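Reader: Could you take me through this model with a few questions and answers?

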Amino acid sequence: MDRASLFGELRVIVGDQYVLVEKEDVIVYEQDGSIMQVLPEVVVLPGSTEQVAGVVRAARRANVPIVPRGSGTGLAGGAVPAEGGVVISLARMNRILELDLRDRIAVVEPGVINQDVTKAVAASGFFFAPDPSSQAACSIGGNIANNSGGPHTLAYGVTTNHVLGVEVVLDDGRVVWLGGRAPDPPGYDLCGAFVGSEGTVGIVTKAVLRLMRSRESVRTLLAIFDRMDAATQTVVDITGAGIVPAALEMMDRLTIEAVETGAPVGYPRDADAVLLVELEGVRESTERGARVVQEICTRRGARGVRVAQDDAERLRLWKGRKGAFGALGALAPNYYVQDGVVPRSRLPEIMRQIADISARYHLRIANVFHAGDGNLHPNILFDIRIPGELDKVIAAGEEILRACVAAGGSITGEHGIGLEKKAYIGLLFSDVDLDAMAKVRKVFDPDGRFNPAKMFPTPITCAEMRRAPAKIPAGLWI
Amino acid sequence: MTQEARETILPSGDRATAGPRDRVVLNVPELDQCVHCGLCLNHCPTYRVTHLEPESPRGRIHLVRAVAEGRIEPLDPARGTPNERFAEHIYLCLMCRACETACPSGVQFGRIAEAAREVLGPPGSPLARRLARLAFTQVFPFPRRLRWLASALRLYQRSGLQRVIRLMLPRRLREMEALLPTVPSRFFAPEADPRPAIGPRRASVALLSGCVMSTLFGEVNNATVRVLRRNGCDVVVPRGQVCCGALNVHNGETTAARRMARRNIDVFLDAGVDAVIVNAAGCGAAMKEYGHLLRDDPDYAERAARFAALVKDAGEFLAGLGLVPPSGRIEMTVTYQDPCHLAHGQKVRAQPRQLLAAIPGLHLVEMEGADRCCGSAGIYNITHPEMSKELLTEKMAAVGRTGAEAVVAPNPGCMLQLRFGAQRYGPALPVFHLMDLLDRAYEAGSDSQQSAVRG
């Protein structure tokens, strides 16, 4: 099938206004939250499961790749159409279909914004636990694809712990339900296989989400440190003391500068690091926990500990943290974020290594991360327009990842592999591991049509895109 | 100030059509600050309606960046006419700047969109563009022509002609015609003499009479003067002032806009006041940004920045000064609509609410999405009636859910739009300017004390 007839068929399926082919329309879909860009040929915005299935069948007949996209807030290039083809934006499928508070579930479409789930049930005393920093914008579909985490992952686990079932469109356009409304169904956990699959096995068109009961009491503290080392030691001590905060976040001096420049919330600009600690539970336990955390901070030399006095102050403290990535734009035109994980006991050591890498490469690195579970987010600041800069950034990033793996950790905690980390997946998995994963993918997507060139090590990597221009598909920009 | 600046308010003859030109160079430093995180998406009214990335702030920034990089031509290279697909996306934006409030990096989206519109020129068909340019260069800079036009409209409305014409218009035009506000019998005009403070003098201020405010909302201007005087302000409404130029800047006409800005700067700096008070949010935002508008003007950059620092929204100013508490009661439940260019453009949110809270008997109920655009957006309700209607119906539903008896919105565009909404979609309730209510509260208080201050 030629392109013109494919586009015609897509228009019949979803309607003229939801098939974008003009450059001035599709160019904005060449990028997500990451630095990679590939121009899609066509973007479609289906409004129902049936339309998604129709689009998948049409793309299959035309033999072109399919790339699902949620809100495009991902940080690993997962929604970038690496090999062109059809981008399916699920933004229009944004209805909350059902809320059942007795069963504590929500049935939603994939384009629903993460935060809107919690908003819909907050008044009844419930919430949806996964809370990526982008939760005001990111979609449930994107959360499922990336098995997203967030600050409160520490206490509640990642997305896969909160998805009970999914309706998916398979490669041949058939629609199936995996999992369901009740937890732990018998047989293979195929719902679990879809969570974190980064759009490579099919397209989620509905999801059954688990809702959690809001806690009686929340305490939020901001501990201020003059030395990064003291802050990381404090993290080790807090978790070592048997306290499991709902969230335990760290921001360094450069991140604080970005937040306070972009949209100030009142973090101390002269601190070397701050810890944002949140405790949830019954009142007695959060009060006791807050006291212990304060003691530990003070013992480790914190300059001060601010306890949020009301909801407004608590939200302000979080607003800075949640906006930290976007705020980096206030410091540099581009940033390249790593998502490495280390055992938390190794935090002090890895932070020293990152500081050393930053100095050696003459690159500023802003750190904002989930300290409680050792999930780092070193953001390398740069200007992509300066020749040679990106090469340096990629090399520095790779050193950080190698250091994480050497410390017994991993190359990604929650952002996914996408386009951007796949060159490094070999650091973590053996060929046999990768082969086992590839087999799972083949079961669902034998033609490799869904989000090709993602996750698995294939010739095109972020680094190679720069070094081997011959391999760059037409219209690729980086 | 140069003599020339006073004289050259006349447009210089730039036209809607332009011949072949070199590739447009767009140098917008604000672009570098966007790292496309997407946190703006759901704060954008047009994205919320369409769910299309090109109709989002992030998408529009990406488009402008593509222009800056030479990947998209904003104008037809041969004819110099706008690239229509690009222009559609840039002009579907309401310029509400809600994205600026949401942006963690502090990207000033308004400046990016204004730069793109400056390249494109006014929106719409060639005829509409020509008409817009005519209005922006030949009408708005001239208060007398504006009043003349408003008088003509008044005559049209009162002579019975309106009723006849309405029957003859096709549906689309009839709906546009219905947006025409009723022109009151008296306009508000600048005066040579300042009006003195009542009670101890606390400040001396100048008031922008405004183009829409002085023709359609003269009574609100009078109320503003009375409220300021009651708060110890000498108030002058300097002669020689012109429209602020906001509509020009938002619609891609900057030549006349800069001329108008220079004129206002001269007139208001000459007045030697402590503050320049604006009771229209859109005008206030534009005038606070004169420094940016004239940044490349060696003669005016410094004066513009000095002037901009004097500009204060009326509510912002009174809250900062410390409001003399009104003693009269207004027993009413109201809801407050944040004008976009007040909340997002000037970051003024708390002050108007504080003033409302100071009125005895008045009860404020917040509506959902109070700082979301009502769809008025300058001339947007005329250029984009469908999107505007979509936003207005959503707004009126939010108003209705509060159970309020009235809406307060300190900006003429919002007032007109909400009045239209109240009449067309309900709930049928009055729409007040904040200064209206403060004035009434003072009036009610002074009635009981027998000390009228009209004049």
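Predicted model: local features only at pLDDT ≥ 70, side-chain atom pairs only at ≥ 80, totals over all residues.

Reader: What share of the contacts in chain A with a separation of 6 or more joins residues 24 or more positions apart?
Author: As background, buried residues make up 55% of the 478 residues in chain A. Among contacts in chain A with a separation of 6 or more, the share that comes from residues 24 or more positions apart is 72%.

Reader: Which element gives the most to the side of domain 1 of chain A that touches domain 2 of chain A?
Author: The domain assignment places domain 1 of chain A at 3–89 and domain 2 at 96–213, and their centres, taken over C-alpha atoms, are separated by 22 Å. Their contact takes 14 residues from domain 1 and 21 residues from domain 2. On the domain 1 side, the elements that give two or more residues are α3 (49–62) and β4 (66–69) of chain A. The element that gives the most, with six residues, is α3(A).

Reader: How many residues on the side of chain A that touches chain B are charged?
Author: The contact between the chains takes 31 residues from chain A and 27 residues from chain B. On the chain A side, α2 (23–26), α9 (253–262) and α12 (324–327) are the elements that give two or more residues. That side divides into 15 nonpolar and eleven polar residues, while the number of charged residues is five.

Reader: Which helix of chain A do the buried residues of α3(B) pack against?
Author: Helix α3 of chain B, residues 57–68, reaches 16 Å from its first C-alpha to its last, close to the 16 Å expected at 1.5 Å a residue. This helix is mostly covered, with eleven of its twelve residues buried, including B:Arg58, B:Ile61 and B:Leu63. Within chain B, the buried residues of α3(B) pack against α4 (84–92), α5 (98–102) and α6 (109–120), and from chain A they pack against α2.

Reader: Which residue takes a positive phi just after α3(B)?
Author: The helix itself covers residues 57–68 of chain B. Just after α3(B), a positive phi of about 80 degrees is taken by B:Gly70.

Technical notes
Residues numbered from 1 in each chain as written. Chains lettered and ligands numbered in written order. Domains from an automatic or database assignment. Contact = placed C-beta atoms within 7 Å. Helix = DSSP H or I, 4+ residues; strand = E, 2+ residues; numbered from the N terminus. Nonpolar A, V, L, I, M, F, W, Y, C, P; charged D, E, K, R; others polar. Expected span 1.5 Å × (residues − 1). Buried ≥ 20, exposed ≤ 12 C-beta atoms within 10 Å, placed from the backbone.
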